[in-house]
Every structure is written in C-alpha cells, then in structure tokens.
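Keep the structure open as you read and look for each part as it comes up.

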Amino acid sequence: MAQSSRTVKVDALQPGMTIEEVTELSFDYASLDEDNLKFLKSTFKGAAGVLVGENGTRTVPVEELKAFDPLQRITDVPPSLKAAKVVPGLAEFLERNGLLVFKVIEAQGAGPAVRTEPKGVPAPDQLAVGSAEAKKRHEIKREEVKQFLDTVATAAQSRDQSTTIVEEMLDSGRTGQFSSKGVESMVDEIIKQGAAPAMKAIAGLRASDQTYAHCTDMSVILEEVYVEILQRSGKTPSDVNRRFALVSGFLHDIGKSEVPKDILDSRERFAPDSQEMIIMRNHTTYGARILTEMGMPEVTINMAHYHHVKKDSTLLSSYPDVDYGNVLTLTRLASITDVYQALIGRRRYKKNWVPGKAVEYLLSLKGSEFDERMLDNFIEIIGRYPVGSLVRLSNDDLAFVLSIAPKEHQDRPVVAVVENAAGELLTSHSLLDLMLEPDLRVGEVVNHYEHYNESEDQAYRIFASIRVS
Ligand SMILES: [Fe+2]
Ligand SMILES: [Fe+2]
C-alpha cells in the first residue's frame with residue numbers, strides 16, 4: 001500500500017501511524033533538564049536530536065544530549081522504534097512527556113483520523129466565590145502578598161541598579177570591552193532576595209528615562225512567566241532556571257551597544273526602509289556576535305538574535321530573515337515579553353498602555369506574530385489585571401492589584417483599596433480578596449499615570465506604602 005507523510009499534533013496520533021520525527025516539544029524542553037534527558041534517552045535511543053546554533057542546525061545522537069542544549073526537534077527515529085507504531089494510549093504518554101507535534105507516515109486510504117480514546121472533559125470549576133476552597137486559597141495568598149510587599153522597596157533599588165549595570169556594560173562595550181560579570185552578580189542578588197515578583201510589578205508602575213530599564217523589566221517579566229510555566233508542567237524550577245532566563249533577558253538587546261546613540265535615543269519614527277532603521281534592526285545580529293564572542297550559552301545567543309522574528313517571518317516587522325523553526329521556545333516567550341514590556345513601559349515622552357489593553361493587543365497578533373501556545377501561557381500567567389494594576393472596583397473604590405485572580409474569575413483578584421469612592425486617599429490599607437466578596441469585582445482599569453501625579457512618582461509611592469496586617 002502507498003504511504004504518505006504528514007505532520008500531526010499529539011492528540012491526532014492514530015494506531016497504524018509510524019512516527020518519523022518529533023517536530024515540536026513542550027516549553028519545559030527550553031531548558032533541557034535531567035528529567036527530559038532521562039526520558040529522551042530511554043524512549044528515543046538511537047534517534048538524533050537537532051540543535052539550533054549560530055551556524056545553523058547541528059545533529060547529535062540523543063544519547064549525547066546534554067542539559068540546556070538548544071533542542072529543536074528529534075529526527076532519524078530508528079527502525080526499531082518505528083516498528084512499534086502508534087498504539088492506543090501512546091499519545092497520552094507522549095503528551096505527558098512534552099512531545100507535541102510529529103511527522104508521521106501512514107498507509108494511504110487508512111481513513112479519516114478518529115481518536116480512539118476520548119480526551120477527558122475538564123473538571124468543573126471547584127473554586128466558587130466565597131467557597132471553602134476560596135477561603136483556603138485566601139490564606140495562602142495572604143502570606144504571599146505580605147512577603148511580596150516586604151520586597152517592594154528593595155526591588156525598586158534592584159531595578160535601578162540593574163538598569164545602571166546594563167547601561168554601564170553596554171557603554172563599556174562601545175569601547176570594545178564586554179563582560180557579563182556585573183549582570184551575573186546582579187542576577188544572583190535578585191534571586192537571593194526573591195526580588196523578581198516585585199520588580200515585575202514596579203515595571204508597569206514606574207516610569208524610567210533610562211533606555212535600559214526595558215532590559216531589566218523585560219527580563220524579570222520573562223523570568224516570572226518562565227518559572228510559572230515550568231511549575232505548571234510539574235517541574236520545580238531551580239535557581240539555574242531563574243538565572244538562565246534573567247541573564248538572557250538582561251542581554252537580549254546587548255547589540256544596541258553598536259547602534260549609534262543618536263539613532264538609539266532618537267524620538268523620531270524612522271521609515272521601515274531608512275538607513276537608520278536598517279542599523280537599528282542590526283542590533284540582533286550584533287548581539288548574537290557579541291554574545292558568541294563572550295562565550296554565552298546558545299539559548300542566550302538565540303534570544304538576542306531572534307527575538308524580533310515573527311511566526312509569519314514574511315511580515316515586514318520580522319527580522320533577521322530566518323525561518324521560525326530556528327527560534328527556540330524561550331526566545332518565542334521572550335519576543336512576547338519584549339512587545340508587552342514595550343507597550344506597558346512608560347517613558348516621560350511616551351504614552352503607555354495599561355496592561356489589560358496590552359494583553360488584548362497581543363491576542364490580536366496571536367496567529368501571525370507569536371507562538372500560540374506560548375501566548376496563551378503568557379496571558380494566563382500575567383492575568384487580565386496584573387499585579388501592580390490600578391483598578392476601580394464596582395463600588396467605585398480605587399485599589400491596587402496585589403495577586404492575580406484565578407483563571408475563571410479574572411475580575412476577582414486580591415487588592416488593597418487605596419482611595420475611596422469620594423476620592424480620599426486612605427492611609428491604612430486592608431487586603432481584600434474579591435474571591436470572598438460576592439458583591440464586589442473589578443469594574444475597570446485606571447491609568448495610574450493619568451490618575452496620579454506622575455512627576456512626583458505618586459502611583460509608585462502609594463503602592464510602596466501599602467502595608468497589610
Ligand atoms: Fe530588540
Ligand atoms: Fe527588547
């Protein structure tokens with residue numbers, strides 16, 4: 001019988017198909033760890049791993065894969081494995097282990113694909129407003145929020161320091177000497193202090209005229225989302241994972257050190273085909289070259305090189321000109337974070353978007369610019385009202401979000417009311433978990449830069465003054 005080859009998602013695998021290649025792996029392979037390696041080496045013995053590198057792809061036997069290798073796909077599945085063919089239950093096993101899309105061959109005329117085992121219907125929502133589960137959740141959240149608030153002041157300092165360090169590093173690079181030492185010890189300090197969550201909140205709350213505040217803010221958002229995704233896939237993220245994301249994020253725009261300052265700092269909008277724009281776009285290739293010379297890991301280089309490549313790489317806004325297949329999963333997440341930060345970030349001369357609007361914008365680019373699965377993860381984790389958002393509640397009180405709501409109750413985060421409906425600033429704050437308040441919910445997002453006195457950094461100062469007993 002004639003055979004044909006096609007690409008299928010894991011839930012469309014059918015008995016009778018033969019797997020030739022694994023073309024997409026889940027996000028936890030972004031930092032190939034001991035568990036991934038153990039699974040691959042036992043399940044795909046004899047196959048080959050395709051690694052993405054600066055000089056194109058490189059193929060190594062699966063047995064020789066090492067932790068943090070930039071694995072793109074698994075190919076050359078040996079005849080002994082192919083002979084096993086797809087059997088009922090195999091798809092679930094593969095999906096559980098993070099293998100998502102496959103190139104398969106199947107006998108022609110085998111009929112339409114029908115699942116042999118129905119996929120489980122998602123469990124009904126257990127977390128009802130005011131329920132015992134919601135109360136239990138509240139106790140955990142309360143402790144988390146208290147710890148979070150204790151780190152806000154230090155986090156603000158860390159943000160300023162990090163930005164200065166990135167800036168100094170790039171300035172020293174302009175004179176020909178790069179070293180990542182400053183950035184790496186800063187990252188160690190952020191991890192030690194557990195400052196990343198508060199730094200992430202401040203990122204949307206506080207304007208900065210420093211060009212490289214973007215790198216700091218983008219990197220802490222990236223780290224937070226990355227760690228959460230790992231946790232959701234059943235991993236316990238290590239400091240190595242955190243470090244990896246933070247360092248890569250801090251350095252993703254390092255190539256801007258080779259862009260002349262007058263172009264970099266210009267407030268002019270350059271035409272897409274202007275000389276200035278061409279130079280600006282080169283920051284990605286410059287960055288990849290600098291990081292390669294510094295001996296940084298492949299994933300860090302990939303992020304600097306490809307964070308502007310769109311899923312549809314024919315789009316004018318996509319650069320450099322490479323296939324999306326070369327863009328590693330962590331870089332795909334970084335490109336979403338990069339755009340998100342650019343939208344919510346505030347400079348004195350640039351309007352910002354409130355996070356909720358930025359999220360809507362990202363969603364509109366889902367199929368064309370971003371990896372869909374990565375974007376879904378990002379939005380779910382960031383939440384519709386991210387921590388640090390100023391919101392008007394349904395009773396007209398104004399509150400800051402301190403912990404995001406469960407997925408199915410987006411308008412019920414944990415908040416602290418800072419101003420009452422009459423417009424009076426409150427000096428003592430209490431924690432309000434909207435999951436326990438049936439009559440109260442978020443009404444709308446308020447742009448804190450417009451509502452409070454921006455030049456006095458009032459929004460941040462109020463946020464930093466929140467204390468709950
Ligand atoms: Fe960039
Ligand atoms: Fe960037």
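## A helix on the inside

Bear in mind that this is a predicted model. Start with helix α9, which covers residues 239-250, 12 residues in total. From its first C-alpha to its last it reaches 16 Å, close to the 16 Å expected at 1.5 Å a residue.

Why is α9 described as largely enclosed by the rest of the structure? It comes down to burial: 9 of its 12 residues are buried, so the rest of the structure largely encloses the helix. A residue counts as buried here if 20 or more other C-beta atoms lie within 10 Å of its own. Among the buried ones in α9 you'll find N241, R242, F244 and the run from A245 through L246, V247, S248 and G249 to F250.

And what do these buried residues pack against? Their partners are α5 (152-174), α6 (181-193), α8 (213-232), α13 (298-306) and α14 (329-344).

## A sheet of five strands

Now hop over to an open sheet of 5 strands, with the order β10-β9-β8-β7-β11 and antiparallel pairing. Its edge strands, β10 (431-433) and β11 (442-446), each pair on one side only. On average, neighbouring strands in this sheet are turned by 40 degrees against each other, direction ignored.

For a close-up, look at β7 (residues 390-393) and β8 (residues 398-403): they pair in the antiparallel sense over 3 bridges. V391 stands opposite A399 in β8.

## Zooming out

The protein is split into domain 1 (3-107), domain 2 (152-382) and domain 3 (390-465). Between the C-alpha centres of domain 1 and domain 3 there are 47 Å.

Key:
Residues are numbered from 1 along each chain as its sequence is written. Chains are lettered from A and ligands numbered from 1 in the order in which they are written. This is a predicted model: local features need pLDDT of at least 70, side-chain atom pairs count only at pLDDT 80 or more; totals for chains, interfaces and linings use all residues. Helices (H or I, at least four residues) and strands (E, at least two) are DSSP runs, numbered from the N terminus. The expected span of a helix is 1.5 Å times one less than its number of residues. Two residues are in contact if their C-beta atoms, placed from the backbone, lie within 7 Å. Two strands pair if DSSP finds at least two bridges between them. Axes are lines fitted to C-alpha atoms, for helices over the stretch in contact, and angles run from 0 to 180 degrees between N-to-C directions. Domain bounds come from an automatic or database domain assignment.
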